[in-house]
Amino acid sequence: MLSSSWPARRPRSRPARAALLLAAALASLPSPAAANGVFPSADQLVFDPADPARAVARMTYGLLTTQDGGASWRWICEGAVGYDDTGGQAPPIAAAAGGRVLAALGDGLVVGAEGGCAWTGAEELAGKAVVDLSVRQGDPSHAVAVTAGDRHVLWASRDGGASWARAGTPLPAGFQARTVDVAPSDPQRVYVSGLESAAGSVKGALARSLDGGETWETATVPGSTTSREPYIAGVDPLDADVLYVRIASAPGRLFVSTDGGASFESAFETQGFVRAFAISPDGATVAVGSDIDGVFRAPSSTLAFERVSGIAPRCFAWTEAGLYACASEFLDGFTIGLSLDGGATFEPLLQQACIGGPLECAASTAVGALCPSDWPRIALMTGHKDCTPDAGSPATGSGASASASAGGAGGAGGATAVSGGGGASAGSGAGAGGAPGVPGGGDTPSAAGGCGCGASGAGAGWAGVVAVAGLAAAIARRRAAGRAPSRPSA
């Protein structure tokens, strides 16, 4: 096995003053932004493989769902799914066949049906800690999950998550899984990233099975440790031997393997975390997002990255309709946006003040019984307002793509490689090498789907202080915009 390394680099200075200002501003809020103390945001987005107008976003306060391509969003509370946010849980989610949404919990796996109203536990996984799950791209009936224990175990479903069975043999002794994925072009090829204990040390590793989990072999992921854990970013849709692994740390790095995980070479490095990654549906292009350095794009054949936007992405999802991103609303003007030009510009699809309320479900369902009573807390937290077209004029946009709209999410094709979720598992673009937009400074994207909420549509009482802090952080990011990360040699 070949082990790649990178040359030592002198750390670049961070926008420390802006970060301190932002931290001070958040600390001065009269109440926590969320029950778990995390600022309200999205960090995973999955699409129904049979209906790309239907999507589910994992938020820091539950789930949001859209059935009209992002024109409107409804809230699903954590309690209805089966978890709560007090412990900072962020369950990995996936969209499977039959309109099902799967969520991995610490005590089992739950399946959402009936448009997200009904959530039931998978009997075969009841009481088991589900570390991660994934649905095979191109075959939404095929799902996999990994459970923790003395030996971590792979599970598989061939009916979209309706039923589950153990797949093959347990992972090697001492291997602790973090993320799992199946190669789109080979259903027998399974990859699991995690930590491996051997000879008294713990290293980041990748476990690979060529036969659906019957046998396993492992390889070390360079530069990964207990504090720099490896997470599968994506597998090439056409070549099962090509996969990408990101290191969960700052500075962040992305590695690529072209031999099925036997060896890795460094493909990208950034000052911040690599929080977002996606591969285009045709496999020709990859996009990487950093919370400090912005959005970068490269041909998969060369991995020669160029900076195309200054937003701070938290997740990507790339479908035939375009590149979707979860972003920081107070820095970038939206929480979820759609790009039709490969990440250079984004049209807002979701601004949190415009959430329509709890998903409308029968009182006999978990959502109908639990979520309405908790909605006032979420409405206050997000600064809820009436965003129907006659409630006010939409904010004027300049940096967003005018041709992108909520209706654009209704294009053909299901989700491809998605990051930002899974495991422990992102604007107004200024173009390649350009500076990010500054909310409140005339570069706020317009709202999609007739939503009358501008970037400043957060609740009174804390929106102002966050806007000031966000402005300071954005200015600092603009000053650092020219310091683009480079691709180190392998």
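How many disulfides does a search of the whole structure find? Four. A disulfide is a covalent bond between the sulfur atoms of two cysteines. Here the cut-off is a pair of cysteine sulfur atoms within 2.5 Å.

A word on the model. It is predicted: local features need pLDDT of at least 70, side-chain atom pairs count only at pLDDT 80 or more, and totals for chains, interfaces and linings use all residues. Residues are numbered from 1 along each chain as its sequence is written, and side-chain values use heavy atoms, with hydrogens and water left out.

Let me start with Cys77 and Cys371. Their sulfur atoms sit 2.1 Å apart. The link is left-handed, with -80° about the S-S bond. Cys77 is in the loop between strand E4 and helix H2, and Cys371 is in helix H4, so the bond ties together parts 294 residues apart in sequence. Helices (H or I, at least four residues) and strands (E, at least two) are DSSP runs, numbered from the N terminus. Both cysteines are buried. Buried means under 20% relative accessible area, with a 1.4 Å probe and protein chains only.

Next, Cys117 and Cys361. S to S is 2.0 Å. This link is left-handed, at -80°. Cys117 lies between strands E7 and E8, Cys361 between strand E28 and H4, and 244 residues separate them. Cys117 has 10% relative accessibility, so it counts as buried. Cys361, at 19%, counts as buried too.

Now Cys315 and Cys326. S to S is 1.9 Å. The torsion is about 45°, so this disulfide is right-handed. Cys315 is in strand E25 and Cys326 in strand E26, eleven residues apart. Cys315 is buried at 0%. Cys326 is buried, at 0% relative accessibility.

Methods: Buried means under 20% relative accessible area, exposed over 50%, partly exposed in between (1.4 Å probe, protein chains only).
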